[in-house]
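Visitor: I would like to learn how to read a sheet, a helix and a core from a model. Could you take me through them in turn?

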Amino acid sequence: MSAKIAFQGELGAYGHQACVEARPHHDPLPCPTFEASIEAVRKGDAELGMIAVENSTYGRVADVHSLLPESGLHIVDEAFVRVHINLLAKPGARLDKIETALGHVVILPQCAGFLRENGITGRTSSDNAKAARDVAEGDDMTVGALASELAADIYGLDITARHIEDHDRNTTRFLVMSREPDYKKRGNHGMMTSFVFRVRNIPAALYKAMGGFATNGVNMTKLESYMVGGNFNATQFYAEIEGHPDDRNVALALEELDYFTDHLKLMGVYPAAPRRHEKV
């Protein structure tokens, strides 16, 4: 019996595509929500979870960073998926007859230019693959779905317009989550370390906390803040840096960070994906 990898969405979703590309020997396990994907891994129904965290056009995926620290899971890998958006429709449908396109709230802005130029009204669906399934199960030739080529194959739809995204490098980044951490150095493109922290209630605490990374030559690639528990006075930060905690400069930077924080939690240590270093 093959190991499983959980993702948010239905078969044919971009999360499914990420699973196929990054973990081809795992069986994809569709889940209705990110919470359900995380729970599937936590309960042992899946060995890994494929969690979307940000898109190069849309930005970060809402609420995911607040879910990860409480998940009990660990980041063991990252995957960058080139998101090609396609307009799918019933077999025989014509592009000039499509009036409405169904798509997730995240995907609609990514092809807004194409929809506007073709006089197509975007309508929100809970999932892109579900949009494709709904079109396949319906009988309206004027309704299309914004989804992957994989979804077209799964649901027997025609691709009436291919690669309609507004930006030609539209990419979604996923984190691969596991019940157990993997701290060994691996991969050929360096290592990444992710963590969350809350600074102490002292003047210029964040500035001082970040100083250790600059003085030790550690490159911080991401720093994002979000409220904790709806409290305006409780701000947590999610950060990603290049390097491994065993590297001398990283160890020194984290030691200095710890001095200025009242909460510091390592989220994962994982190899940098090759696509991280591609020039845009």
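**Reading a central strand**

Guide: From strand E9, Val143, Ala145 and Ala147 point one way while Gly144 and Leu146 point the other way, and all of them are buried. Please keep in mind that this is a predicted model.

Visitor: What do the buried residues of E9 say about how the strand is enclosed?

Guide: A residue counts as buried when its relative accessible area is under 20%. Five of the five residues of E9 are buried, so E9 is largely enclosed by the rest of the structure.

Visitor: Which strands form the sheet, and in what order?

Guide: In general, the strands of a sheet pair through backbone hydrogen bonds, either parallel or antiparallel. Here five strands form an open sheet with mixed pairing, in the order E8-E7-E9-E6-E10. The edge strands, each pairing on one side only, are E8 (121–124) and E10 (158–161), and from one strand to the next the twist averages 40°.

Visitor: In what sense does E9 pair with E6, parallel or antiparallel?

Guide: E6 and E9 are antiparallel and share three bridges, with asparagine 86 having alanine 147 in E9 as its bridge partner. E7 and E9, by contrast, pair in the parallel sense, over three bridges, and there alanine 101 stands opposite glycine 144. E7 (residues 100–103) also runs parallel to E8, to which four bridges join it, and threonine 100 stands opposite threonine 121 of E8.

Visitor: Which atoms come together at the start of H5?

Guide: At the start of H5, a side-chain oxygen of aspartate 127 reaches to within 2.9 Å of the backbone nitrogen of alanine 129.

Visitor: How many residues has the largest nonpolar core, and which of them have the most contacts inside it?

Guide: In soluble globular proteins, nonpolar side chains tend to be buried together. The largest nonpolar core in this model has 49 residues, and those with the most contacts inside it are Met50, Leu68, Ala132 and Leu175. Strand E3 (residues 48–55) gives the most to this core, with five residues. Another core, of 17 residues, lies apart from it, and has among its members Tyr14, Val83, Phe114 and Ala161.

Visitor: What is phenylalanine 114 in contact with, leaving aside its neighbours within four places in sequence?

Guide: Phenylalanine 114, whose place is in helix H4 (residues 112–117), is in contact with Leu87, Leu95, Ile120, Ala161, Ile164 and Asp166 once those neighbours are left aside. Phenylalanine 114 and isoleucine 164 are 50 residues apart along the chain, yet their C-alpha atoms are separated by 6.3 Å. With a relative accessible area of 14%, phenylalanine 114 is buried.

Visitor: Is glutamate 224 buried or exposed?

Guide: Glutamate 224, in strand E13 (residues 220–228), counts as buried because its relative accessibility is 16%. Not counting residues up to four places away in sequence, glutamate 224 touches Arg60, His65, Gln236, Phe237 and Tyr238.

How values were computed
Residues numbered from 1 in each chain as written. Predicted model: local features only at pLDDT ≥ 70, side-chain atom pairs only at ≥ 80, totals over all residues. Heavy atoms only, no water. Pairing = 2+ DSSP bridges. Helix = DSSP H or I, 4+ residues; strand = E, 2+ residues; numbered from the N terminus. Axes fitted to C-alpha atoms, helices over the stretch in contact; angles between N-to-C directions. Buried < 20%, exposed > 50% of the residue type's maximum accessible area, 1.4 Å probe, protein only. Contact = heavy atoms within 4.5 Å. Polar contact = N/O pair within 3.5 Å; in protein donor to acceptor, adjacent residues only side chain to side chain. Core = buried A, V, L, I, M, F, W, Y, C linked by side-chain atoms within 4.5 Å.
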